[in-house]
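Student: Hey, can we go through this one together? I'd like to learn how to read it bit by bit.

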Amino acid sequence: MACLLETPIRMSVLSEVTASSRHYVDRLFDPDPQKVLQGVIDMKNAVIGNNKQKANLIVLGAVPRLLYLLQQETSSTELKTECAVVLGSLAMGTENNVKSLLDCHIIPALLQGLLSPDLKFIEACLRCLRTIFTSPVTPEELLYTGPDHQTILFNHGAVQNIAHLLTSVSYKVRMQALKCFSVLAFENPQVSMTLVNVLVDGELLPQIFVKMLQRDKPIEMQLTSAKCLTYMCRAGAIRTDDSCIVLKTLPCLVRMCSKERLLEERVEGAETLAYLIEPDVELQRIASITDHLIAMLADYFKYPSSVSAITDIKRLDHDLKHAHELRQAAFKLYASLGANDEDIRKKIIETENMMDRIVTGLSESSVKVRLAAVRCLHSLSRSVQQLRTSFQDHAVWKPLMKVLQNAPDEILVVASSMLCNLLLEFSPSKEPILESGAVELLCGLTQSENPALRVNGIWALMNMAFQAEQKIKADILRSLSTEQLFRLLSDSDLNVLMKTLGLLRNLLSTRPHIDKIMSTHGKQIMQAVTLILEGEHNIEVKEQTLCILANIADGTTAKELIMTNDDILQKIKYYMGHSHVKLQLAAMFCISNLVWNEEEGSQERQDKLRDMGIVDILHKLSQSPDSNLCDKAKMALQQYLA
């Protein structure tokens with residue numbers, strides 16, 4: 001009998017809880033504002049420490065109503081404050097609670113609440129925001145990297161209101177103000193340009209930041225000040241050769257990479273330094289010779305320490321947690337250091353076991369580490385010498401091809417950029433990459449919705465086709481298909497179009513190849529050329545297209561496709577008289593190849609072109625002030641005289 005009674009009792013308890021929760025939600029809709037306020041206060045007391053009650057209220061739809069009341073102008077400040085407190089309490093429950101709050105767009109509502117003149121309401125909103133942003137399920141970019149949020153704060157006087165807090169007697173207040181400036185300045189030229197001119201007690205902000213990154217200040221303060229100056233520099237508000245960057249910020253960040261610093265500080269220091277020096281070769285050179293930085297970074301790969309040697313479990317957990325962050329930071333900094341200078345790349349590669357470490361990094365479980373390793377490798381792959389030596393010795397192409405088979409877009413973009421370098425004609429990796437099915441893989445990338453992947457796919461194919469054998473060119477055309485080629489030639493992304501034209505130019509080189517390709521794809525290629533020359537394109541696109549025509553005109557049988565196409569001939573004639581010298585020269589190459597008298601049928605071609613008025617144009621161009629154009633015209637005229 002006891003067993004039979006258990007179920008009804010459970011159901012009774014459950015129905016009581018649900019009914020109780022429903023009662024709380026119903027009171028939020030009462031027409032009497034005072035009853036609504038009391039209902040919110042009672043709800044606040046009911047949810048404290050009660051995760052089950054929190055979950056019930058969320059399921060029953062309390063959150064949208066609380067947010068509505070919080071944002072209503074007719075709601076009293078007390079009601080708004082109590083709503084924010086309840087929402088903060090709900091956020092302290094499970095991760096699912098936080099997800100539900102985010103789905104209801106709680107962040108913008110709370111941020112709007114910060115504009116209120118009432119301090120208690122602002123505090124309640126801030127507490128709730130802090131709870132939400134400390135949850136692992138909340139994407140950080142919702143607050144920190146959005147330019148819209150930076151602009152809102154900037155437009156509401158955040159800079160002026162926060163600046164004076166830098167002189168507060170409270171260290172915590174100074175630090176929060178400093179952190180706020182680093183957030184506002186990140187990738188924001190408008191804010192950064194304003195910050196350099198802000199005065200606090202007669203001192204400019206950059207001078208205050210420099211004082212805060214001195215060695216006698218707490219490490220947290222040094223790092224955050226260095227971040228502020230770094231972000232202002234990257235946003236163009238401070239010159240890269242300014243003494244506050246070269247003599248203060250950069251050395252401070254290098255100090256943060258040393259063994260004496262905590263693991264978290266070493267990660268933050270390396271990542272900020274990588275960001276600072278990324279676009280500037282002089283800063284890269286200075287950093288590379290400061291405090292043996294390149295060798296110092298090698299220590300980042302020595303975590304976790306030997307597990308058997310660690311008896312302190314907390315220490316082991318700490319090391320394991322930060323091991324991948326350290327490797328990621330080191331790879332990022334090596335990538336920035338080696339971005340432009342050959343000597344720096346050589347030093348990096350000669351650092352103990354570096355190539356092995358990077359190759360291992362390509363197969364790490366952490367996506368961030370894999371991405372940083374690929375970036376590092378991409379930076380080093382810009383060296384002709386290293387492509388021929390270290391990259392070949394470590395067969396880097398193998399793990400790279402594996403990465404390209406299945407990876408998120410952000411990794412694919414960098415990995416495919418690197419593949420472009422490995423497919424250059426002097427790279428020993430080119431042959432094995434071709435044999436491992438790269439053509440199909442790259443043709444697949446050209447169909448991606450991501451423009452960067454389309455560019456890299458077609459760029460790599462362009463490099464692959466340069467001075468390649470007929471078989472490789474045929475494989476590219478077959479795998480790509482003329483339909484896809486047409487799609488790429490009408491791509492909205494200019495880079496895709498230019499690289500596709502570059503591919504065509506490389507495919508149509510050396511006479512036997514030109515004749516072979518044009519015999520099978522001539523009609524489609526001529527159609528594509530016509531469309532581009534007739535379209536609204538810039539000078540570079542038109543020039544590249546005319547160069548393709550010049551290559552076709554160099555074929556033995558292919559040139560007849562031009563000679564029998566009056567429309568194309570008229571276009572060549574038009575561009576010979578164009579106002580832009582680049583286009584005139586490209587058109588001249590076409591004519592020179594068509595009138596060359598040592599080739600069969602040259603007399604008929606010369607006669608036809610003469611009848612079109614080409615010779616008259618050549619005489620005019622032979623008087624051109626541009627020496628190249630003048631020489632080309634004279635050379636073409638000599639073909640008529642010979």
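Student: Is Leu-166 buried or exposed?

Tutor: Leu-166 is buried, because its relative accessibility is 4%. Buried means under 20% relative accessible area, exposed means over 50%, and partly exposed is in between, using a 1.4 Å probe and protein chains only.

Student: Where does Leu-166 sit?

Tutor: Leu-166 is in the loop between α10 (158-163) and α11 (171-185). Helices here are DSSP runs of H or I with at least four residues, strands are runs of E with at least two, and both are numbered from the N terminus.

Student: Which residues does Leu-166 touch?

Tutor: Leaving out residues up to four places away in sequence, Leu-166 touches Arg-174, Ala-177, Leu-178, Phe-181, Leu-205, Ile-208, Phe-209 and Met-212. Contact means heavy atoms within 4.5 Å. As for Ile-208, it is 42 residues from Leu-166 along the chain, and their C-alpha atoms are 8.4 Å apart.

Student: Where do these numbers come from?

Tutor: This is a predicted model, so local features need pLDDT of at least 70 and side-chain atom pairs count only at pLDDT 80 or more, while totals for chains, interfaces and linings use all residues. Residues are numbered from 1 along each chain as its sequence is written, and side-chain values use heavy atoms, with hydrogens and water left out.

Student: OK, helices now. How do α5 and α8 cross?

Tutor: Helix α5 (residues 77-91) and helix α8 (residues 119-133) cross at roughly 15 degrees, and their axes come within 9 Å. That makes α5 roughly parallel to α8. Axes are lines fitted to C-alpha atoms, for helices over the stretch in contact, and angles run from 0 to 180 degrees between N-to-C directions. Under 35 degrees counts as roughly parallel, over 145 as roughly antiparallel, 65 to 115 as roughly perpendicular, and the rest as oblique.

Student: Which residues make the contact between α5 and α8?

Tutor: From α5, they include Thr-77, Ala-84 and Gly-88, and from α8 they include Phe-121, Cys-125 and Ile-132. By class, the contact of α5 with α8 has 9 nonpolar, 4 polar and 2 charged residues. Ala, Val, Leu, Ile, Met, Phe, Trp, Tyr, Cys and Pro count as nonpolar, Asp, Glu, Lys and Arg as charged, and the others, Gly among them, as polar.

Student: And what about α33 and α36, what's their angle?

Tutor: Helix α33 (residues 511-534) and helix α36 (residues 566-576) pack at about 40 degrees, with axes 11 Å apart. They are therefore oblique to each other. Their contact includes Met-526 and Leu-533 of α33, plus Ile-568 and Tyr-575 of α36.

Student: Switching topic: how many residues of α4 are buried?

Tutor: In helix α4 (residues 62-71), 7 of the 10 residues are buried, so α4 is largely enclosed by the rest of the structure. Among them are Ala-62, Arg-65 and Leu-69.

Student: What covers the buried residues of α25?

Tutor: The cover includes α21 (354-361), α26 (409-422), α27 (430-435) and α28 (438-445). The buried residues of helix α25 (residues 397-405) include Trp-397 and Met-401.

Student: Last one: what is phi for His-105?

Tutor: Phi of His-105 is near 60 degrees, a positive value in a residue other than glycine. His-105 lies in the loop between α6 (95-103) and α7 (106-113), and His-105 is exposed, with a relative accessible area of 59%.
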